[in-house]
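Subject: A structure for you to explore

Hi there,

Here is the structure I promised to pass on. Have a look at it first, and then read my notes below.

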Amino acid sequence: MPKSKSPTCAKCPGVVCHPSIKAEEKPPFDKVPNFCPMINMNDVIQNAMTKYDDPDTLEFARQASIQEFECYEQTPEGRRTKNPRILELIQFSDKCGYKKLGLAFCAGLSDEAKKLTEILENHGFEVVSVRCKVGAIPKERIGIKPEEKIAGPASYESMCNPITQAEILNAEKVDFAIILGLCIGHDTLFIKNCQVPMTVIAVKDRVTGHNPLAALYTINSYYKRLAKPR
Ligand code: SF4
């Protein structure tokens with residue numbers, strides 16, 4: 001089948017790459033849609049798969065998959081989930097042998113950072129944490145105008161400093177970095193500059209209790225306006 005489109009997996013029923021078949025059966029590849037990367041980008045898939053041949057990557061992927069498996073349990077009523085993400089963070093860190101965790105948190109989630117640190121320390125981890133405002137560098141340093149400051153033109157406003165957060169955690173040689181509530185874009189800079197394995201415990205969403213999917217779950221009611229074409 002000729003390549004017709006870029007992948008649009010989000011619009012696919014997804015039954016071919018995630019089929020309900022027995023282990024010894026083959027997925028029905030002849031039933032994929034014409035935008036499927038499994039037919040249009042098979043070379044990319046094959047190249048990507050070679051990365052799992054690196055022993056460290058293979059072991060990391062294996063542990064991540066076991067972690068996924070352990071988040072479910074079989075009950076007389078059927079399969080059900082059991083682990084919140086914080087517990088997963090602890091379990092996965094144990095699996096990987098991580099001892100020193102690095103928390104890059106937003107000033108707006110300082111209470112959450114403190115509570116999370118206490119939990120992680122109670123589970124035996126060393127926790128290094130860095131607030132987004134580290135450096136106390138004024139926003140003027142990155143070209144912000146007085147009228148673009150949240151607290152008003154006359155206020156001293158420290159810039160969010162995700163590159164420095166990342167560099168501090170790099171210098172501390174933490175085993176695993178954790179993003180807690182960094183703003184959109186600031187998280188991008190952190191991810192770009194963080195040189196240790198990292199994960200996200202929460203993303204910033206100021207109006208949904210840091211649960212951006214809440215707006216999707218209410219897209220047919222309170223957040224209907226999001227669905228309107230521009
Ligand atoms: S990989 Fe192919 S079958 Fe799977 S969701 Fe994407 S388009 Fe659909």
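Let me start with the salt bridges: the count comes to seven, where a salt bridge is a side-chain nitrogen of Lys or Arg within 4 Å of a carboxyl oxygen of Asp or Glu. Before going on, please note that this is a predicted model, in which local features need pLDDT of at least 70, side-chain atom pairs count only at pLDDT 80 or more, and totals for chains, interfaces and linings use all residues. Residues are numbered from 1 along each chain as its sequence is written, and side-chain values use heavy atoms, leaving out hydrogens and water.

One of the salt bridges joins Glu 172 to Lys 100, with 3.0 Å between the closest N and O atoms. Glu 172 sits in the loop between α6 and β5 and Lys 100 in strand β3, so the pair ties together parts that are 72 residues apart in sequence. (Helices, H or I of at least four residues, and strands, E of at least two, are DSSP runs numbered from the N terminus.) Lys 100 is buried at 17% relative accessible area, while Glu 172 is partly exposed at 34%; buried means under 20%, exposed over 50% and partly exposed in between, using a 1.4 Å probe and protein chains only.

Lys 149 and Glu 140 also form a salt bridge, 2.8 Å from N to O. Here Lys 149 is buried at 9%, and Glu 140 is partly exposed at 40%.

Lys 149 is also among the residues in contact (heavy atoms within 4.5 Å) with Glu 157. Glu 157 lies in the loop between β4 and α6 and is buried, at 9% relative accessibility.

Happy exploring!

Note on methods
Lists of a residue's contacts leave out its neighbours within four places in sequence.
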